[in-house]
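This briefing concerns a single structure and is arranged by topic. Please read it alongside the sequence and the coordinates.

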Amino acid sequence: MEQFVDVVLPIPLERLFTYRLPGDLAANLKQGMRVAVPFGKSKIYTALVFRVHQEPPTAYDPKEIHEVIDEVPLVNNIQMEHWQWIATYYMCTLGEVFRTAVPGAFLLESETLVLKGEEKEWEDEEVSDQEFLVLEALEHQTSLKIGDVCDILERKTVLPLLHRMYEKGWIQLRETLHSQYKPKYIRSVTLHPKYESEKDLNDLLDELNRAPKQREVILTLFQHQATERIPIEIIELQKKSRVSAGVIRGLLDKDILQEKKIRTDRITYEGDEGVLTQPELSDFQQKCLGEIRDSFRELDVTLLQGVTSSGKTEVYMKLMETFLSQGKQVLYLLPEIALTTQLISRLQACFGSRVSVFHSRFSLNERVEVWNNVRRNEEKAQVVIGARSSLFLPFENLGLVIVDEEHENSFKQFDPAPRYHARDAAIVLATLHGAKVLLGSATPSLESYYNVRTGKYGHTVMNYRYGGVQMPAVELVDIRDASRRKRMKGHFSEKLIAGIQETLSLREQVILFQNRRGYAPIVECMTCGHAPQCPNCDVSLTYHQSRNELRCHYCGYHEKMMVQCMACGNATLDTKGFGTEQIEKELKELFPEARTGRMDLDTTRGKFAYEKIISGFASGQFDILVGTQMVTKGLDFRHVNLVGIMNADALLNFPDFRAHERSYQLLTQVAGRAGRTEKQGTVLIQTYNPQNPVLRQVVSGDYIGMYEEQLSQRSEYRYPPVNRIIRISFKHKGYSTLNEAAAWFGKALRNAFGEQVLGPEFPPVARIRNQFIKQVLVKIPRDRSLAQTKNSIKRIENSFNAISQYRSVRVIYDVDYF
Ligand code: ADP
Ligand code: ZN
């Protein structure tokens with residue numbers, strides 16, 4: 001009987017593809033193994049086996065698979081099920097999930113290929129439209145052949161462009177079908193066994209009398225073997241005996257030395273094995289842990305709501321220990337930015353080499369190693385700590401998932417598909433494993449708290465900081481009055497200046513928060529009112545004083561700051577608004593003695609730049625840290641006694657239904673950086689609206705008040721958590737095509753769902769990288785079937801795609817968008 005196999009291709013195809021399975025390959029083929037398959041005219045892809053069967057497809061004549069790549073499945077059944085859930089729930093294809101889930105190195109390539117750069121982040125750098133098209137295409141598929149790039153750019157010569165991109169580290173170039181993953185080996189040498197006896201060795205040394213350098217190598221090696229009893233790395237031997245590589249090669253050629261390659265896993269922990277015994281929990285931590293355990297008896301998910309510095313991490317660690325001792329794997333998820341060395345070392349000190357870190361800053365090879373360790377359920381992968389994508393790892397025996405800072409919006413993947421929420425996807429994963437989930441936050445998301453209130457999640461609270469440390473005193477500073485009376489110095493109120501002065505005189509540290517980078521977001525001519533805009537996006541250019549440039553924060557476009565207005569020619573340019581760079585400059589004028597540092601996207605580009613600023617500040621290398629929201633996450637600075645928020649209004653006025661919730665979270669989290677030792681810290685929030693209820697809730701730490709007020713507004717306007725939402729975005733280069741297309745789609749949606757549809761409307765930035773954008777929001781009441789709604793939307797999309805002039809409009813779904 002002829003055999004067929006349905007496979008998942010790592011590209012956005014709605015359906016699985018069926019291939020013929022040659023008899024000799026059929027024997028051990030299982031779901032989750034990789035196969036190489038031909039696709040289209042000349043492409044070869046790595047696909048994932050989904051199902052083996054005997055029913056030939058009716059619509060096309062299937063091709064044969066080329067080869068089977070794995071001997072054991074790379075992806076297990078639970079993952080398969082989980083990925084299907086993600087594809088269905090977030091309205092994308094299984095291929096897109098596959099593409100995101102496995103490290104790129106697992107996907108084999110054919111011919112000369114262009115791949116995404118490994119380390120380099122190109123966002124925010126200057127990217128030409130052509131370069132962008134290539135990079136964007138690489139977000140959707142692993143690799144492009146040179147011919148594909150020609151097609152995309154509609155030109156014949158692309159090599160110079162690709163070469164430039166390669167030099168900038170944005171892409172990699174590869175050749176021929178081969179596995180990209182190469183385990184790392186250490187090249188080491190030993191003495192050939194024939195010189196084992198002392199006599200033979202002495203003879204050898206005599207023989208080498210006329211080759212003093214070679215003789216030196218043998219002596220060094222002999223010494224090493226006597227003391228270390230492990231092979232010596234070639235490099236080390238070379239250094240120790242002070243010879244060139246040629247000398248060692250000579251000895252290898254003469255068979256006096258033997259080369260040995262030793263495979264090493266790079267994810268090794270170099271430190272003491274879990275030396276730190278776990279700290280004793282305080283009474284309230286103990287009580288909290290007990291409540292979590294109780295709640296796990298009945299419910300699978302529990303929310304730990306503990307104020308900043310209440311010691312949530314210690315509670316997590318105790319709980320993890322319990323699951324580990326039952327032989328279960330633990331996944332510790334946290335936002336990328338909170339994945340700091342500080343936290344990793346704390347966990348490693350406790351769990352030693354059982355901890356693996358899965359990090360997007362790791363190389364492809366390192367990610368492959370973590371993947372394999374988790375799949376083999378190895379000792380060193382019992383605890384995986386990582387950002388959102390670590391939930392795609394092949395867990396065998398998952399017992400507990402911790403989602404730290406569960407309110408963080410960076411758990412939601414924005415682009416490309418799958419646009420999944422890691423917290424929610426982790427809960428589904430845990431259910432498939434029969435595992436438990438602990439969510440932790442000082443400022444839970446409305447969604448999670450709603451689930452607590454409706455009895456879906458358990459709940460436990462820690463209202464005190466660990467060690468009797470006091471919560472900081474939070475105070476609003478009305479700057480409306482001060483600016484009217486010209487009592488501000490730049491963007492600093494007298495109160496904030498006095499606070500900084502006092503803190504510095506006590507030799508303590510200050511954090512200043514301003515959620516905008518650069519010097520000023522708008523440059524404007526005082527004579528004619530003209531403000532320079534990005535040529536590719538509908539947004540004003542931000543002035544960056546240190547480079548004397550205007551930059552676009554959406555596409556990376558930049559140009560030199562002009563002296564005269566481009567419109568009227570007068571030299572009357574002025575700036576409006578302010579960013580971190582301007583605050584830093586004003587600080588230097590106000591406090592010339594103080595040492596200041598800045599933490600934002602501009603100062604944290606390099607691989608270790610972020611860590612350097614954190615450790616510099618923690619060790620007291622500077623007194624004041626100015627930063628964007630990067631300063632809010634998971635940092636434990638001992639000597640910060642004052643936190644200043646330069647302008648709270650910009651956050652509150654953001655046009656989004658989550659703006660108030662997010663302001664509460666952000667401000668509370670920044671405030672939580674203050675006063676982590678015995679002394680009570682101070683937080684000063686500068687605002688033009690001291691009456692604003694959200695700010696008052698921040699001052700009094702009134703989470704419940706915030707929750708209830710926001711929830712009533714959300715219910716009234718039918719937003720989450722009471723309803724669900726799907727945001728549909730349309731993108732196209734042509735303004736009128738986009739408008740017509742979005743209107744057509746919007747009307748069809750309204751026919752189906754009536755009042756529940758908002759838009760189409762332009763978002764605040766209506767054009768990015770020369771693409772116009774319109775959005776429609778579909779609200780889905782809890783009692784309406786989400787699955788049916790999605791099916792109706794998909795049907796509308798099918799009719800939409802049948803209209804030829806709309807086919808080139810991109811339609812992007814974002815379910816539960818953030
Ligand atoms: P959170 O994550 O809730 O903000 P942390 O877990 O970072 O708080 O704890 C705050 C500080 O208190 C940390 O420096 C931590 O080492 C310390 N701490 C918390 N619990 C204990 C404990 N049981 N024993 C000793 N130190 C603790
Ligand atoms: Zn731009």
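A residue is called buried under 20% relative accessible area, exposed over 50%, and partly exposed in between, with a 1.4 Å probe and protein chains only. By that criterion Cys 552 and Cys 555 are both buried. The model is predicted, so local features need pLDDT of at least 70 and side-chain atom pairs count only at pLDDT 80 or more, while totals for chains, interfaces and linings use all residues; side-chain values use heavy atoms, with hydrogens and water left out. Residues are numbered from 1 along each chain as its sequence is written, and chains are lettered from A and ligands numbered from 1 in the order in which they are written.

**Zinc site**

- The zinc ion (ligand 2) is held by the SG atoms of Cys 534, Cys 537, Cys 552 and Cys 555 at 2.2 to 2.4 Å.
- Donors are N, O and S atoms within 2.8 Å of the metal (3.2 Å for Na, K and Ca); water is not among the atoms, so sites may look incomplete.
- The arrangement around the zinc ion (ligand 2) is tetrahedral because its four donor atoms subtend angles of 105 to 112°; four donors count as tetrahedral if all angles lie between 85 and 135 degrees.
- Along the chain, the donors of the zinc ion (ligand 2) show the spacing C-x2-C-x14-C-x2-C.

**A buried lysine and its surroundings**

- Lys 774 belongs to strand E33 (residues 771-781); helices (H or I, at least four residues) and strands (E, at least two) are DSSP runs, numbered from the N terminus.
- Although buried, Lys 774 has no salt bridge, and the nearest side chain of opposite charge, Glu 761, is 9.0 Å away.
- For charge, Lys and Arg count as positive and Asp and Glu as negative, whereas His and the chain ends are not counted.
- A salt bridge is a side-chain nitrogen of Lys or Arg within 4 Å of a carboxyl oxygen of Asp or Glu.
- The side chain of Lys 774 instead makes a polar contact of 2.6 Å with the side chain of Asn 739.
- A polar contact is a pair of N or O atoms within 3.5 Å; within protein, one must be able to donate a hydrogen and the other to accept it, and residues adjacent in sequence count only if both atoms are side-chain atoms.
- Beyond its neighbours within four places in sequence, Lys 774 is in contact with residues including Ile 728, Phe 730, Leu 738, Pro 760 and Pro 763, where contact means heavy atoms within 4.5 Å.
- Pro 763 lies in the loop between E31 and strand E32 (767-768), and at a relative accessible area of 13% Pro 763 is buried.
- Not counting residues up to four places away in sequence, Pro 763 touches Ile 773, Lys 774 and Gln 775.
- Between Pro 763 and Gln 238 the C-alpha to C-alpha distance is 62 Å, with 525 residues separating them in sequence.

**Backbone geometry**

- Pro 720 and Pro 721 are joined by a cis peptide bond with omega of about 5°; Pro 721 is in the loop between helix H24 (703-716) and strand E30 (723-732).
- A cis peptide bond also runs from Gly 759 to Pro 760, with omega near 10°, and Pro 760 is in strand E31 (residues 757-761).
- Ser 309, which is not a glycine, has a positive phi of about 75°.
- Ser 309 is located in the loop between strand E12 (301-306) and helix H12 (312-325), and counts as buried at 18% relative accessibility.
- Asn 377 likewise has a positive phi, near 55°, and is found in the loop between helix H14 (364-375) and strand E15 (383-386).
- With a relative accessible area of 28%, Asn 377 is partly exposed.

**Salt bridges**

- The structure holds 38 salt bridges.
- In one of them Lys 287 pairs with Glu 291, the closest N and O atoms being 3.2 Å apart.
- Lys 287 and Glu 291 are separated by about one helical turn because they are four residues apart in helix H11 (residues 283-298).
- Lys 287 is exposed at 53% relative accessibility, whereas Glu 291 is partly exposed at 29%.
- Asp 481 forms a salt bridge with Arg 485, with 2.7 Å between the closest N and O atoms; Asp 481 is partly exposed at 29% relative accessibility.
- Glu 797 and Lys 794 form a salt bridge whose closest N and O atoms are 3.7 Å apart.
- Glu 797 is buried at 14% relative accessibility, and Lys 794 is partly exposed with a relative accessible area of 24%.
- Glu 584, Lys 588, Arg 598 and Asp 600 are joined into one network by salt bridges that share partners.

Conventions:
Tetrahedral: all angles 85-135°; square planar, octahedral: opposite > 155°, others 65-115°.
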